[in-house]
Amino acid sequence: MQKVLHKINDQKQSAFIEGRGLLDSVVLVNEVIDEVRRIKGKCTIIKVDFEKAYDSVNWEFLLYMMARLGFCDKWIKWIRGCLESSTISVLVNGSPTEQFSPTKGLRQGDPLAPFLFLIVVEGLAGVVRQAEYKGLLEGIKVGKKQIPINMLQFADDTIFVCSPKPQNIVVIKSILRCFEIASRLKVNFHKRKYWYAK
Amino acid sequence: MQNRMIERFSIMLNCTTMNIPFLYLGIKVGANHRKKVFWNDMIINIRKRLSKWKGRHLSFAGRVMLIKSVISTIPLYYLSIFKMPVSVGKIIRKLQREFLWGWGHEGRKIAWVRWEHICRTKEDGGLGVKDLDKFNIALLGKWKWRLGKEEPGLWKDIVLSKYESWRKLDDKKVCSHDSWWWRDIRKICGGGCKENWFDKNIRWNRGIGNKINFWDDLWLGEIPLKDKYLRLYTNSILKKAKLGDAGYWNGENWVWNLQWRREWFEWEKDTVANLMREVEGTTLLRDREDERIWNDDETKVYTVNSAYKKLNKSNGTQQENLFELFWKMKALPSAQYFAWRVIINRVATYDNLQNRGVEVGSKVCVMCHCCDETVTHLFFSCRIAARLWKMCDSWLGLYSVHHNSVEIHFLQFKHLGLSKSCNIVWRCMWVATIWSIWNKRNNIIFRNVKVDVEEMFSLAQVKTWAWITNKYPRASFSYSDWCLCPTTCLNHCDSNHNI
């Protein structure tokens, strides 16, 4: 799975994938901001956090995403098996409850979980790509080659970069809303931040 | 107007507004890292760590360990992106130094060893503490390496879209569009630094000749052709020519064809012939691309570690062997670190104290009361010390004349060609003896005890026994056996288990 991830995941994602590092995206954001400053442009940066990201993943959505990304049925069945076979028990006031099977969420610490999570958030990248393709979302264009950039992901840490137009904000809002409904990842409204650079 | 727009947006998204700089993945983004304010958080972080431990409860060895594993590593995350300003580097170094030498509420203490010396590798006589400035440079060099590497990545697309090619780093001039980050990397390993250590360690493998610069890059011989044939270089038309531009394919053969601005004078023709002769032996390869190689025998790829080693190399290397042996030994760390200070003559003996401006009453050695106390005297040539070393000799079954120089004294048995086990015993015993002499000396001064050679010797014996049985898992023998015949003890284990 690790071997194919770098092919299916969008370039905007930089966590848990071979050959992409944490620092890459930091340098990237830094360069973008610097560029905007130097040409005295304008941009808005919106930082989004998901509430309890791992725990609230919708399984059906995950499996649907896997099918969309071209995993074969056998694989999907395996993953379903992995998800459903797990049982958990909760400590309540110091005493463990009876074991029960969860119906959503990924187990943190599971070696497979990061990759599954990447597949889930790839859904968001997919929507953004569509919006960009249809010309609804206008990113910032950087450098002489005018490479457009609108979103960066590091696992669940997502940043939107776009030019400050009301239309963009509306689009981002609806994208997040859709993604929220589909994947049950709740966008944390308190953690949502918003910057404006001159 | 703008503020109202921001307000409207934030209401639309139901979120809070903030200003640049902000924290992204744990790093402040959008701030100017050349300002000291940028680094304040990190310095506070380090301070917090230090005050919690209160270095005084730890031995010297323990403090070195802490500095190496904790204090030097806190800043690394920031340092792998940003160049640390000199002033910040100074502050951090000061914190580390104060911690190492135990400066606390009582004020300054003597820093016995220069910080640069401590930062050398262990084999080189230092303690292997990271020199953060140099490590910073090595970390940033990685970006230049990665920019020139063939691998996809969004960050690289963006950066290259801004600056075209990683070769632009070698430009002499700064462009006003360059970001601070880019300028710093340029300064560290590009056209901005005087002695370009990065390019010096780059080699090229010939391929189809699409990337290598004929004059600038190191693809033939030991120095770039530009430096070797400066006169010819000034006369060439295409100064930035790639290898592929400097010739043509004639069927299956590659023919070099350099173009010059003018005809050669008679006296220059020899040099031209030399160059052509040198170049003619080589050919391009059609089936692969040019390849960049890092000048490191093992990896061939840039690693921060190998770069740091290259940056941190000192010129004095004659003692290498000594320290290699010294740190291989397994003794009690605090004793071993003390012995290290003895070897480099950085111990608080009377003469050393006086040299550093401390008032000492008498300078006479407290053991023999006849000579001035110096390191060589106290540990080796003093009457008491000499007797102690004699006892060691007879215990180990050796007969030798002891040298007064510290290094040779430590190494002398290596030259005698003794067995491995005997060497192990000797080295541990050496450290233990030094340690017990020093303890005795301090006890005499501060607690008024009497000199007792027998006691010192047996103390060293016990210490060595404890170290060896502890650190070498297969060495198990009783203390009485050990006192009777140490080498047989070790030889016995040696033949059985191969320690």
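Trainee: How many residues of domain 2 of chain B are in contact with domain 4 of chain B?
Mentor: Good place to start, and keep in mind that this is a predicted model. On the domain 4 side of chain B, 11 residues take part in the contact. The centres of these two domains of chain B, over C-alpha atoms, are separated by 30 Å. On the domain 2 side of chain B, the number of residues in contact is 11.

Trainee: By class, which residues does the side of domain 2 of chain B that touches domain 4 of chain B have?
Mentor: Domain 2 of chain B covers 35-130, and domain 4 covers 320-495. Where domain 2 of chain B touches domain 4, the classes are 6 nonpolar, 2 polar and 3 charged residues.

Trainee: Are α3(B) and α5(B) roughly parallel or antiparallel to each other?
Mentor: Helix α3 (residues 60-71) and helix α5 (residues 86-100) of chain B have axes 9 Å apart and pack at about 155°. An angle over 145 degrees counts as roughly antiparallel. The two helices, α3(B) and α5(B), are therefore roughly antiparallel.

Trainee: What is the radius of gyration of chain B?
Mentor: Chain B has 24 helices and 7 strands. For its 499 residues the globule rule gives 23 Å, and the chain B value is well over that, so the chain is more spread out than a compact globule. The radius of gyration of chain B is 31 Å.

Definitions and conventions:
Residues numbered from 1 in each chain as written. Chains lettered and ligands numbered in written order. Predicted model: local features only at pLDDT ≥ 70, side-chain atom pairs only at ≥ 80, totals over all residues. Domains from an automatic or database assignment. Contact = placed C-beta atoms within 7 Å. Nonpolar A, V, L, I, M, F, W, Y, C, P; charged D, E, K, R; others polar. Axes fitted to C-alpha atoms, helices over the stretch in contact; angles between N-to-C directions. Helix = DSSP H or I, 4+ residues; strand = E, 2+ residues; numbered from the N terminus. Parallel < 35°, antiparallel > 145°, perpendicular 65-115°, else oblique. Rg over C-alpha atoms; globule rule 2.2 N^0.38 Å.
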